Amino acid sequence: MLGFLAAGGACVGSFLNVVAYRLPRRCMSVSKPRSRCPKCTSLIGWRDNIPVVSWLLLRGRCRSCASPISARYPAVELATAALFVALAHLLPLAPAALIEPAKHAGEWITYLAAATITSALIALTLIDWDWQILPDPITKGGMLLGPLLLLVAPGLQPATGWLNTVKVAGVPLIESIGIRGVVALHGVLGEVVAGGSLWIIGVLGSKAFGREAMGFGDVKMLAAMGGVLGLWALLALGVAALVGAVVGIAMKGVGRGRYVPFGPFLALGMWTVMLRGEPMLDAWLGLYRF
Ligand SMILES: [Zn+2]
């Protein structure tokens, strides 16, 4: 089953390469036309379009004009394959789910929802790295889709005990709208609180530094993250800020003065908190206990 998921992940990674190339170039559709070599514009046939394998067989060069093809393409395909395999371990998705999919429908729905989110995070990471933008179709689309995904896959959100005690007009909310409804509502709350807090931080930062401290794209991305994680998005923001600061300082240290966008770190925070939010929060709070 892991081979099956890896192959699927490599194909999705191949598609994400196309998305990352075409989505920021607004004149291009993601689905049409078929892929061409950007140098010589010759069409790329199916046998030269097999994830990872074709790049290796072509030794990283275009079949027609021999101009180099970036190693980033197979790297993204491999990374997506690895993350899709990791998801099966972390969720988890039982190995038997491939043989008897009907018996494991719930697991598959959660897996596919998590794989969709993972794919969106990879695309955002690539596009933010290249262009320092986080495109609206993904961030705003995520804000819309997040709470809806929770209705079918509530397991995407780390558990939040106090949600079970919320009462409306004396009736526990969980009894009136069910666990799925509660989790989805928490997602909407997360969008408002997480997006709102980052927006306020951005406004204050801009005032303090006299220039744009943070793009509005980051605000929309964190809001979309809140749509799935609820208030756990604030933990994801903490992870992003911490890892981002460490990497930013390290890159300054080695003298690579490139501007480091925040989106890839938000993506890392989202992925880790979605899959292991509770132990991460426990470990962090544990630092204050002695
Ligand atoms: Zn070519």
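This is a predicted model: local features need pLDDT of at least 70, side-chain atom pairs count only at pLDDT 80 or more; totals for chains, interfaces and linings use all residues.
**Exercise 1. Find what share of the contacts between residues at least 6 apart in sequence joins residues at least 24 apart.**

Start with the term: two residues are in contact if their C-beta atoms, placed from the backbone, lie within 7 Å. Next, take the contacts between residues at least 6 apart in sequence; 71% of them join residues at least 24 apart. Residues are numbered from 1 along each chain as its sequence is written.

**Exercise 2. Check the length of helix 3 (residues 72–90) and say what covers its buried residues.**

Helices here are DSSP runs of H or I with at least four residues, numbered from the N terminus. The expected span is 1.5 Å times one less than the number of residues, so the 19 residues of helix 3 should span 27 Å. Its end C-alpha atoms are 26 Å apart, which agrees.

Now for burial: a residue is buried if 20 or more other C-beta atoms lie within 10 Å of its own, exposed if 12 or fewer, and partly exposed in between, with C-beta atoms placed from the backbone. Buried residues in helix 3 include Tyr73, Val76, Leu83 and Leu87. Their cover includes helix 1 (2–22), helix 2 (53–57) and helix 4 (105–131).

**Exercise 3. Classify leucine 234: buried or exposed, or in between?**

First locate leucine 234: helix 8 (residues 233–253) holds it. Then count: 19 other C-beta atoms lie within 10 Å, so leucine 234 is partly exposed.

Key:
Helices (H or I, at least four residues) and strands (E, at least two) are DSSP runs, numbered from the N terminus.
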